[in-house]
Amino acid sequence: EGAIFLVPTPIGNLEDITYRALNTLKTANVIAAEDTRNTKKLLNYFEINTPLTSYHEHSNLGKIEDLIRQAEEGAKIAVVSDAGMPAISDPGSGLVEEALKRNVKVIVLPGANAALAALVGSGMSTNEFYFYGFLPRKKKEKIEALTDLKKISATLLFYESPFRVKDTLENIRDTLGNRKVALARELTKRFEEYIRGTVDDLLAWVKTNELKGEFVIVVEGAEAGAEDAEDNWWSNLGVKEHVDH
Ligand code: SAM
């Protein structure tokens, strides 16, 4: 029986590939990769010769159709992105959606993912978390997106390019306030580090340190009740609601 396998790849450290991921990549009929050149390097390292085809965010429906048809005919299709879990801020979800519509089996292998590693290492509450991924690039939309998150008490997780981390921290301070944050940098790699503090602490840190590498921004959730007081400003004025009869 054919199937679509979503196969996570390392986010830096090659030892994070799983045995099952390697076996799946080896035995698949074809590997659909976000960037075939990038995946080729990974396959060479592990001496895997499975044929590659490209599947990325700009792939048209024809490409999805083609992969699904192959699976319907019995092929094992492995889907990989450049790093980490496919379909998480990466291509993959369109293919899963279509496969399920067509009753093609979808099998997801667990593995490396930057957001979850950052969350656990941040030291913030893991009870509830809200993965946002990449914020919009345009300032107005970014501010709006952040403002929409203001009342969420879950820990917030963002992916961000090193070129925008500083601006994003400023935007976070202006919309969400001077909350606790952690920058998780270069996870699983040689210069892995967590920079923890309030947003202002981190903005001070940014002044004297270069922002290089890959980052996850982890932000403490809203304090329970904090927003209610602000929204119901009238409730503290001792003004009784006037009802006209
Ligand atoms: N699918 C991936 C995953 O499962 O984590 C995420 C892909 S997304 C296009 C890339 C973003 O993930 C980067 O801009 C960065 O925010 C984050 N990221 C990926 N690898 C990372 C690492 N080693 N350390 C910190 N952040 C990382």
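Two strands count as paired if DSSP finds at least two bridges between them. Helices (H or I, at least four residues) and strands (E, at least two) are DSSP runs, numbered from the N terminus. The structure is a predicted model: local features need pLDDT of at least 70, side-chain atom pairs count only at pLDDT 80 or more, and totals for chains, interfaces and linings use all residues. Residues are numbered from 1 along each chain as its sequence is written.

**Overall**

The protein has nine helices and 10 strands. Its C-alpha atoms fill a box of roughly 70 × 55 × 30 Å along the principal axes. Of the 245 residues, 27% are buried (20 or more other C-beta atoms within 10 Å of the residue's own; exposed means 12 or fewer, partly exposed in between; C-beta atoms are placed from the backbone). Among contacts (C-beta atoms, placed from the backbone, within 7 Å) between residues at least 6 apart in sequence, 73% join residues at least 24 apart.

**The sheet and its helices**

Five strands make up an open sheet of mixed pairing, in the order 6-7-10-8-9. Strand 6 (129-134) and strand 9 (193-198) are the edges, each pairing on one side only. From one strand to the next, the twist averages 15 degrees. Strand 8 (residues 180-185) runs antiparallel to strand 10, with five bridges between them; in strand 10, Ile217 is the bridge partner of Leu183.

Angles run from 0 to 180 degrees between N-to-C directions, with axes fitted to C-alpha atoms, for helices over the stretch in contact.

| Helix | Strands touched or crossed | Angle to strand 10 |
|---|---|---|
| Helix 5 | strands 6, 7, 8, 9 and 10 | about 50 degrees |

**The ligand shell**

The ligand is surrounded by 23 residues, the closest being Gly84, Ala114, Tyr159, Leu187 and Glu214. A residue is near a molecule if its C-beta atom, placed from the backbone, lies within 6 Å of it. Helix 5 (114-122), strand 7 (155-160) and strand 10 (215-219) each supply at least two residues of this shell. By type, the shell holds 11 nonpolar, seven polar and five charged residues. Nonpolar covers Ala, Val, Leu, Ile, Met, Phe, Trp, Tyr, Cys and Pro; charged covers Asp, Glu, Lys and Arg; the others, Gly among them, are polar.

**Ser54**

Ser54 belongs to strand 3 (residues 52-54). Ser54 counts as partly exposed because it has 16 C-beta neighbours inside 10 Å. Leaving aside neighbours within four places in sequence, Ser54 is in contact with Ala33 and Thr36.

Notes. Contact = placed C-beta atoms within 7 Å.
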